[in-house]
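Biologist: Could you walk me through this model, starting with the overall picture and then going into the details?

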Amino acid sequence: EHVKANVAHILFRLRPGMSEEEEKAVKLKAFEASSKLKAGGNFTELATNLSDDKISAKKGGEMGWIKKGSIDPVFSETAFKLKAGEISEPVRSAFGFHIIKL
């Protein structure tokens, strides 16, 4: 079993105190991006243009190597279930909605 993974993500950030409507809008954006990826969209391009994680967005979503369990449990669990090159459905963590690529 892998203990490290090289991951990229697109983050749609949820902020504390957001209304239900605002949260729904963020979720919708995440699922729209997911649809674009399924239709052959370029992950790097979408991450650069859409991700609310500005640091990784500059690198096309690249987060580099992560250790299992070193970050948000939902994120970690999802990332380590993927196969190389595979892209997750949007998943919700404490930070917002992530689309994760291994």
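**Overall picture**

Modeller: Among contacts in the protein between residues at least 6 apart in sequence, 61% join residues at least 24 apart, where contact means heavy atoms within 4.5 Å. This is a predicted model, in which local features need pLDDT of at least 70 and side-chain atom pairs count only at pLDDT 80 or more, while totals for chains, interfaces and linings use all residues. Residues are numbered from 1 along each chain as its sequence is written, and side-chain values use heavy atoms, with hydrogens and water left out.

Biologist: How many helices and strands does the protein have, and what order do they run in from the N terminus?

Modeller: There are four helices and four strands, and from the N terminus on they run β-α-α-α-β-α-β-β. Helices (H or I, at least four residues) and strands (E, at least two) are DSSP runs, numbered from the N terminus.

Biologist: What share of the residues counts as buried?

Modeller: Of the 102 residues, 38% count as buried, and here buried means under 20% relative accessible area, exposed over 50%, and partly exposed in between (1.4 Å probe, protein chains only).

Biologist: OK, on to the sheet: what is the strand order?

Modeller: The order is β2-β1-β4-β3 in an open sheet of four strands, with antiparallel pairing; two strands pair if DSSP finds at least two bridges between them. Because β2 (62-67) and β3 (91-92) stand at the edges with a single partner strand each, one side of each has no neighbour in the sheet.

Biologist: And how many bridges join β1 to β4?

Modeller: Strand β1 (residues 4-13) and strand β4 (residues 96-101) run antiparallel and are joined by six bridges. Within this pairing, Ile10 has Ile99 in β4 as its bridge partner. Helix α2 packs on the sheet as well, where α2 touches β1 and β4 and its direction makes about 45 degrees with that of β1. Axes are lines fitted to C-alpha atoms, for helices over the stretch in contact, and angles run from 0 to 180 degrees between N-to-C directions.

Biologist: Which strands does helix α1 lie across?

Modeller: Helix α1 (residues 20-38) lies across β1, β3 and β4, running at about 15 degrees to β4.

Biologist: Changing topic, is Ser51 buried or exposed?

Modeller: Ser51 is buried, with a relative accessible area of 0%, and Ser51 lies in the loop between α2 (43-50) and α3 (54-57). Leaving aside residues up to four places away in sequence, Ser51 touches His9, Ile10, Leu11, Leu46, Ser56 and Ala57.

Biologist: How many salt bridges did you count?

Modeller: The count comes to four salt bridges, each being a side-chain nitrogen of Lys or Arg within 4 Å of a carboxyl oxygen of Asp or Glu. One of them joins the side chains of Lys24 and Glu21 (3.8 Å, N to O). Because these two are three residues apart in helix α1, Lys24 and Glu21 are separated by about one helical turn. Lys24 is partly exposed at 48% relative accessible area, whereas Glu21 counts as exposed at 56%.

Biologist: What about Glu89, which residue does Glu89 form a salt bridge with?

Modeller: Glu89 forms a salt bridge with Lys38, and their closest N and O atoms are 2.6 Å apart. Glu89 lies in the loop between α4 (73-79) and β3, while Lys38 is in helix α1, so the pair ties together parts that are 51 residues apart in sequence.
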